[in-house]
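Please examine the structure shown below before reading the report. The text then describes selected parts of it.

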Amino acid sequence: MRTRRTIAAAMSVLALTAVAACGKSGSPSDNAAGGSAAPKPPTYQVKTDVKLTGSKTFDNAKKRGHLVIGAKSDQPFLGFEDLSAGSGASARSGFDIEIARMVAADLGFGPDQIEWKTIASANRENALSGDGDHQIDFYVGTYTINEKRKAQVSFAGPYLVAGQDLLVAKDNTTITGPESVKDKSVCSVTGSTSIDNITPYGAKITKYETYSQCVDKLMTGEVDAVTTDDAILKGYAAKNPDKLKVVGKPFTKEPYGVGLAKDDSVLRNAINDALKAHEDNGDWKKAYDATLGLSGAPASAVPALERY
Amino acid sequence: MSSALTSTVLYDTPGPRARARYRAFGVLSLLGIAALLWYAYDSLAGAGQFAAAMWDPFQYTAIQQRILDGLQSTLTAFGLAAVLSLALGSLLAAGQLSDHRPVRAVAKAIVQFFRAMPLLIMIFAFYHSVFATSPLWALVTGLTLYNGAVQAEIIRSGVNAVPRGQGEAAYALGMRKTQVLFTILVPQAVRSMLPTIIGQLVVTLKDTSLGFLITYTELLYAGKLIASNTSTPNGYPYIPVTIVIGVIYIGMCLALTALAKWLEARGRRGANRRTTAAA
Amino acid sequence: MGILFEDGNFALFRAGFLQTVELSALSALLALLLGTLLAAFRVSPVPALRVFGTVWVNVFRNTPLTLLFFAVAFGLPRLDVHFSSFVFAVIALGSYTASFVCEVLRSGINTVPLGQAEAARSLGMNFGQTLGLIVLPQAARSVLGPMSSVFIALPRNSAVAGAFSVSELFSVQGTLTERGYNILSIFFWLAAAYLLVSAVVAVIFRLLETRLAVAR
């Protein structure tokens, strides 16, 4: 027994020294795609003296002095967090993040006045619910606008229209679109509409919690394809261009919106105005080229806002 | 250790031939295990799991900090849940042992209900109803209710195992029901059930990992994020992360078990040592 | 509360329920076999096997189940072991529960009066016979209570498999939430289903206990 205790103690000491001793800072190879010539996202003019009367969310944010924005953290070029770069605001990158930053700027909050919170898909509605006291002020992360969700939250936007597509191994020639996935095993994320959309085509479905788990399974050859919105898939393809490719035949329309508390029409209008302004002054395009554009996808047209 | 005692009862002291046989058998099984381990190591290495890129993230101070933060969140949730579940457990155990039939029935119903509910569902339900803004408390409440119910059962069976004379003597001294229960029976019960109680605390510690479901950024969540945000040519470093995080969890749980053993040894040292009942 | 009986939800729900039952039953079987074997290892005369049993129990009992699922679902394929996600789930859940079964049995072995094993040995029985014919049957009987806790916990634990591509009961929740149903009414039915499963397990053990009870 004494020996076991000693072993346990030794182990913990070892673990602690291992953690404390060596440590690099900075990030490993985050410039893999693009290199130094890659376009940088624009900086946004932070507005001063922004007044929104009647938005509880905005009032709370003003009082606390910063915005709390919900996002994804594991989708390259969309909503990504570089863990080795620390937990500061600079560690976040991607098109969704840029959209959030430009909206924040128009609400009077600079990039260092944003607190990011990673919220998984299943918890989005919950994070935006509650009476004026939400976990997050708004959410930007591949959030498809649809009628059922509109019953629980409100949407500004859309700011991008994606479509469901398939990610396959580079040398795969048999899967050319949704019609060719019959009896093939296709992976997607638990509880996503992507699964409902691909099931009618006769695919064998595999479900994991995150897309990177699916991509891992694709790389080991256990599944034949990964399916979800093309915007997400392109990011993964760009991270491993020698092994993966996107089929490129989107078969649904997924308009991405900014999610916010239901019936906060003041904030919704303000966000829509912000999106409109940045789309018109070219920030949208610049942000796209500096993020999603790096994954090789040409910028699609700016979608028209759906104000309601 | 008590197992050593039983082992010798289960088989004769080996003679020279038996010893040789055991040794041969031991060597064979060792070889078998070693071969399996080597195969595992070799295939993992072949799949690039020991490539530098897979382990690279762990070198960065920011990522180490992430793991430490995760560890701290895990320990916070565990500490709160441990204290609260023990309190709830004693309360429910007292309820189950009450003289009043309604109290007994209610306590029993609560215990049975929360013991059977999947923790995942409870945590999710609390997060989506009461604690929308505080994942920590959703997690702690779920853990407390489930583990409290289990601890109640453990304490109750411990109280039932205290020799009857103890309670009778206390009543004879003129103590009241509550006094008897909390000053005579429960302390002895806790002492005799300590290994089981700590065993359940280990379960509590492990179950804090369910917090990742409701955006509570504990240790396992940190690990998963590290794995999913590190893309290498050989896939994502799920195996390295599993190894690192697994070692941390096993270390913590073994430490807790060691604490239990130490407490047990301390408790046994004093008077009133109860020998294991001869069934 | 009526969501169960709307557009095809019941079929989904029933499929999930059956999958949970099947997963729990197979894992229980694996856990029982493996756990007994491990318990035998831990009291065996061969030191190498004793060490193996101890290491197994300490590793599997002290690792969160989710982490074990990761090791199985993402590790085994890289060892060229390819099964369906369901079989992977049975392996993970079974070997996790086996470590608990082993410890319960071992504590049961300690409660069997020494005279029993001594008598067996004096009749010339070897280790396997002593353990298999005399000690384990009595040990199993005396630990039915703790054993029932282990097997009541098993269907609950199987919910973790939902995150690893097994369409069991808990994963039905994800699908229904995505279809936009109120999460609390989904939980109501899930809770009812899990309570039913645990109640059945509890009743089985209650029956076993009365059937096997022996005055000592």
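This report considers a pair of helices and then a strand with its partners.

## Basis of the report

The structure is a predicted model.

## Two helices in chain C

Helix α5(C) spans residues 114–122, and helix α6(C) spans residues 127–142. Their axes come within 10 Å and cross at roughly 155°. Because angles over 145 degrees count as roughly antiparallel, α5(C) and α6(C) are described as roughly antiparallel to each other. The crossing of these two helices is right-handed.

On the α5(C) side, the residues that meet α6(C) are Gln116(C), Ala117(C), Ala120(C) and Arg121(C). Their counterparts in α6(C) are Gln129(C), Thr130(C), Ile134(C), Val135(C) and Gln138(C). Sorted by class, the contact of α5(C) with α6(C) comprises four nonpolar residues, four polar residues and one charged residue.

## An enclosed strand in chain A

Strand β11(A) covers residues 225–229. Five of its five residues are buried, so β11(A) is largely enclosed by the rest of the structure.

## The partners of β11(A)

Strand β8(A), residues 164–169, pairs with β11(A) in the antiparallel sense over five bridges. Within this part of the model, Leu166(A) has Thr227(A) of β11(A) as its bridge partner.

Strand β9(A), residues 185–189, also pairs with β11(A), but in the parallel sense and over two bridges. Here the bridge partner of Val186(A) in β11(A) is Ala225(A). As a general rule, the side chains of a regular strand alternate between the two faces of the sheet.

Technical notes
Residues numbered from 1 in each chain as written. Chains lettered and ligands numbered in written order. Predicted model: local features only at pLDDT ≥ 70, side-chain atom pairs only at ≥ 80, totals over all residues. Axes fitted to C-alpha atoms, helices over the stretch in contact; angles between N-to-C directions. Helix = DSSP H or I, 4+ residues; strand = E, 2+ residues; numbered from the N terminus. Parallel < 35°, antiparallel > 145°, perpendicular 65-115°, else oblique. Left-handed = near helix turned anticlockwise from the far one by under 90°. Contact = placed C-beta atoms within 7 Å. Nonpolar A, V, L, I, M, F, W, Y, C, P; charged D, E, K, R; others polar. Buried ≥ 20, exposed ≤ 12 C-beta atoms within 10 Å, placed from the backbone. Pairing = 2+ DSSP bridges.
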